[in-house]
Amino acid sequence: MKLKQRVVLLAILLVIFIFTKVFLIDNLDTSAANREDQRAFHRMMAGLRVELVPKLDHTLQSPWEIAAQWVVPREVYPEETPELGAIMHAMATKKIIKADVGYKGTQLKALLILEGGQKVVFKPKRYNRDYVVEGEPYAGYDRHNAEVAAFHLDRILGFRRAPLVVGRFVNLRTEIKPVATEQLLSTFLTVGNNTCFYGKCYYCRETEPACADGDTMEGSVTLWLPDVWPLQKHRHPWGRTYREGKLARACAVLRAARPSRLLGEFALALMLSGELVPLTNSLSFNLIFSFGNPSLDERSILAPLYQCCIIRVSTWNRLNYLKNGVLKSALKSAMAHDPISPVLSEPHLDAVDQRLLSVLATVKQCTDQFGADAVLVEDRMPLSHL
């Protein structure tokens with residue numbers, strides 16, 4: 001064989017070798033990543049049930065100190081949380097030493113200080129579990145049980161970016177009024193034999209108070225983030241305008257282009273209900289969750305997904321592990337020990353499973369249109385925009 005032919009043959013073999021090696025490495029990396037996703041899913045499932053227990057036997061730290069140490073830039077709590085039950089027990093039972101109005105926001109809530117100095121936000125019950133609000137998807141009050149369910153869904157999906165939430169019963173007469181500020185006390189009233197309050201917020205009205213059953217009020221308490229992590233307000237590109245015919249800011253932009261910044265910062269929206277209760281962060285995900293009408297799917301909530309057609313591989317894997325009724329079972333198990341259990345009614349649990357299928361179908365439409373490589377973003381590599 002002539003030298004020139006040998007050189008050409010060696011070059012061809014070298015190219016084949018390089019392509020083969022790259023292909024095998026990619027496959028091995030993908031396989032290893034998928035195996036790690038599966039292991040993470042099994043770890044989550046193994047630690048899913050949270051029993052509210054009062055003791056922290058292995059540490060002298062308070063529940064509040066442990067929860068504060070958990071918070072880091074990309075997660076509010078770690079993957080493994082043996083102390084979670086004790087922290088949530090403290091949230092549900094610790095003595096209330098001060099109560100004040102919750103000033104900011106559109107919905108009624110109260111700011112409570114628990115024994116040990118921990119701030120929590122109390123959101124009162126406004127509806128029974130199966131009550132359906134007619135009208136627009138955003139009509140009505142926030143649901144306290146949605147806060148609890150959203151936290152556990154955050155755990156199940158592996159995001160770990162929702163603040164800790166647990167259900168709690170409070171006696172307005174004996175636990176709140178004796179330690180309430182004058183501002184909060186001035187919003188108390190009696191309706192029939194029930195103690196009520198209307199607080200202070202954008203939509204709070206004396207004519208629309210939240211009422212206890214006698215003196216006992218059901219609600220949810222959300223753990224306040226440590227002061228070293230000040231909250232920042234980021235305008236949601238897909239936020240509703242609440243005006244008929246007026247498009248959200250991102251929707252108008254996306255009609256003309258699909259800017260990479262938006263694709264990176266708002267990777268996923270999960271349609272699990274009829275309206276927004278965003279547990280947001282500026283990193284990558286916007287979890288949308290509420291419980292207004294189990295029979296109504298508001299597809300517009302999926303806009304960030306079907307307009308941008310990007311989802312992280314680890315999230316895609318997790319969603320697929322949760323289909324065929326696994327999500328409903330996991331959510332039901334995770335909330336079984338909450339003080340206000342059952343947190344969700346069966347129709348709402350069924351709706352969560354059904355809406356998961358809508359999310360999966362939307363991703364499938366994206367991959368059919370753009371290809372899997374463009375839609376499924378590997379999240380185990382450093383991304384410049386995060």
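Analyst: Strands S5 and S6 form a hairpin with 2 residues between them. In the turn, Gly 192 has a positive phi of about 65°. Strands here are DSSP runs of type E with at least two residues, and helices are runs of type H or I with at least four, each numbered from the N terminus. The model is a predicted one, in which local features need pLDDT of at least 70 and side-chain atom pairs count only at pLDDT 80 or more, while totals for chains, interfaces and linings use all residues. Residues are numbered from 1 along each chain as its sequence is written, and side-chain values use heavy atoms, with hydrogens and water left out.

Phe 188 has Phe 197 in S6 as its bridge partner. Cys 196 stands opposite Cys 211 in S7.

A further open sheet has 5 strands in the order S1-S2-S3-S8-S4, again with antiparallel pairing. Its edges are strand S1 (96-101) and strand S4 (165-171), each of which pairs on one side only. Neighbouring strands of this sheet are turned by 35° against each other on average, direction ignored. Between S4 and strand S8 (residues 216-223) there are 7 bridges in the antiparallel sense, and Arg 168 stands opposite Gly 219 in S8.

Helix H3 (residues 84-93) lies across strand S2 (110-114), S4 and S8, and runs at about 25° to S4. Axes are lines fitted to C-alpha atoms, for helices over the stretch in contact, and angles run from 0 to 180 degrees between N-to-C directions. Helix H2 (residues 63-70) packs with H3 at an angle of about 120°, with their axes 9 Å apart. That angle makes H2 oblique to H3 (under 35 degrees is roughly parallel, over 145 roughly antiparallel, 65 to 115 roughly perpendicular, and the rest oblique). The contact, meaning heavy atoms within 4.5 Å, involves Pro 63, Trp 64, Ile 66, Ala 67 and Trp 70 of H2 with Leu 84, Ala 86, Ile 87, Ala 90 and Met 91 of H3. These residues divide into 10 nonpolar, no polar and no charged (Ala, Val, Leu, Ile, Met, Phe, Trp, Tyr, Cys and Pro count as nonpolar, Asp, Glu, Lys and Arg as charged, and the others, Gly among them, as polar).

Elsewhere, helix H10 (residues 313-321) and helix H12 (residues 346-370) pack at about 135°, with their axes 10 Å apart, which makes H10 oblique to H12. Trp 316, Leu 319 and Asn 320 of H10 meet Leu 356, Val 359, Leu 360 and Val 363 of H12 in this contact. Its residues comprise 6 nonpolar, 1 polar and no charged.

Technical notes: Two strands pair if DSSP finds at least two bridges between them.
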